[in-house]
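Have a look at the model first, then read on.

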Amino acid sequence: MSFLEVTLELLSGFSMTLAIFSLTLLLALPLGLLISFCTMSKFKPLRYTFKVIVWIVRGVPLMLFLFIVYYFPGFVLGSPIYGRFTATIIAFVVNYACYFSEIFRAGIEAIPQGQTEAGLVLGMTRIQIFTYVTLQQVIKRIIPPMGNEIITLVKDTALARVITVVEIIWRAEQLMSKAIIWPLFYTAVFYLAFVGALTLLFGYLEKKQGYYKI
Amino acid sequence: MSILEVNNIIKNFGQTEVLKDISFTLEKGEVLAIIGSSGSGKTTLLRCMNYLEIPDGGTINVNGISYFDANEQRSLSEKEIRLRRLHFGLVFQSFNLFPQYTVLQNLILAPRLLRKYELKTALKTFQITKNEYKEKKAALSQELEINARKLIAKVGLTEKADFYPCQLSGGQQQRAAIARALSLTPDILCFDEPTSALDPELTGEVLNVIKDLKSNDTTMIVVTHEMEFAKHVADKVIFMVNGVIEEEGTPKEVFETPKSPILQAFLGRTALK
């Protein structure tokens, strides 16, 4: 097989990698924010329920979690209720939302209480204070840890192959069965290029928020 | 009628009684200085007046209308508390400017949200027509900016209007915070140790701004450790000890002929500083 053919083959696998990555990010960010609100709630049952959920999801290996999400409904109901790709997205979104929620919580709790109080004495509602005052400061604070977590997500997508979702490494392994091994090493280039682009993006975002100090 | 009547305010934090039966009145245009050592309850009293703490007992009336009543059976909604808070402005010890906004934006944010809300309500309740609403909304930004720039000029920050808080000195930040507190034209402006977080050479500019506000007939309550300021600017001084008013009177009475031995000792200590 020529270099070009291998590249095209791997690219088609990488498009699946990108699909898992972007869908997870798109859904896990808002869900993570929601979970962080629940784990900070003054209402104890809600707070503890979500603290336990976060503990379980973060405590179970993502690979095992994928198996559970994909096979468990079939095991209980007798037939699977969704496909491999959907199962992957559910597992990744829930898993990453829990990690993100802790980053959000740290970011929100780091904002001095005085900011909220200043908003309150100016007659702002709590929602207005969050949207116009706190949120942007939270974002500034969490860009570095978020960047870390999102880069981990890029590479975690490779785990989807355990429930036979055909992403880039799976493609490379298929080529190995034709006795060509170098494409497997070549996949690293795809990851490196993408993570490089993300690193630049996060650097840019950090710089853009650099005009003020908290 | 007094602009402010505080009657028998009590506040506990758990087992600790922070405010024990605080009562005083304030007339329109008066400046009240609250002095006392740390932990005497001065700041808590200010926070109670701004609904940042809810007192456990007592009443507060503003312009003769009930502002806070511990015996009120129903609990107030957030919206009611929000509207009541607008009677008071508060300047914090640590400024609490919004760091991502310029001085001008800091001043405009809250009034803009409030005025937009008022316009929307007026439209919903048919007090204004849709066209009037659109006109007023369009004129709003300009109107708010003009007003904000006036306040910024008043505190002497005209050149710094488009600067971010991190580009300003502590004194400038506190002056911006004062302008922001004025942007909603509160009936009573409270200061919580406005110069305590500042380098000594910067306290003067902030105190001068507060002094100038006095000539504009603004009613003010200033919690302070600046005895000279209390002596020369206040119309009335309250000395607090362990959550009670130990002594109150005109600056002359309090500083020149203090009756309480605790106050005498306190003044002796601060004079030595």
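Does Asn61(B) count as buried or exposed? Keep in mind that this is a predicted model.

## One asparagine and its surroundings

Asn61(B) counts as buried because its relative accessibility is 17%, and the cut-off for buried is under 20%. You'll find Asn61(B) in strand S4, which covers residues 57-62 of chain B.

Who sits around it? Leaving out residues up to four places away in sequence, Asn61(B) touches Ile3(B), Leu4(B), Glu5(B), Asn7(B), Ser66(B) and Tyr67(B).

## The six-stranded sheet

Now over to an open sheet in chain B, built from six strands in the order S6-S7-S8-S3-S9-S10, with mixed pairing. At its edges are S6 (88-91) and S10 (244-249) of chain B, each of which pairs on one side only. Going from one strand to the next, the twist averages 20°.

Zoom in on S9 of chain B, residues 236-241: five bridges join S9(B) to S10(B), and the two run antiparallel. Within this pair, Met240(B) stands opposite Ile245(B) of S10(B).

## A helix on the sheet

Helix H6 of chain B, residues 200-215, packs on that sheet. In chain B, H6 touches S3 (31-35), S7 (188-192) and S8 (219-223), and the direction of H6 makes about 155° with that of S8(B).

Conventions. Residues numbered from 1 in each chain as written. Chains lettered and ligands numbered in written order. Predicted model: local features only at pLDDT ≥ 70, side-chain atom pairs only at ≥ 80, totals over all residues. Heavy atoms only, no water. Pairing = 2+ DSSP bridges. Helix = DSSP H or I, 4+ residues; strand = E, 2+ residues; numbered from the N terminus. Axes fitted to C-alpha atoms, helices over the stretch in contact; angles between N-to-C directions. Contact = heavy atoms within 4.5 Å. Buried < 20%, exposed > 50% of the residue type's maximum accessible area, 1.4 Å probe, protein only.
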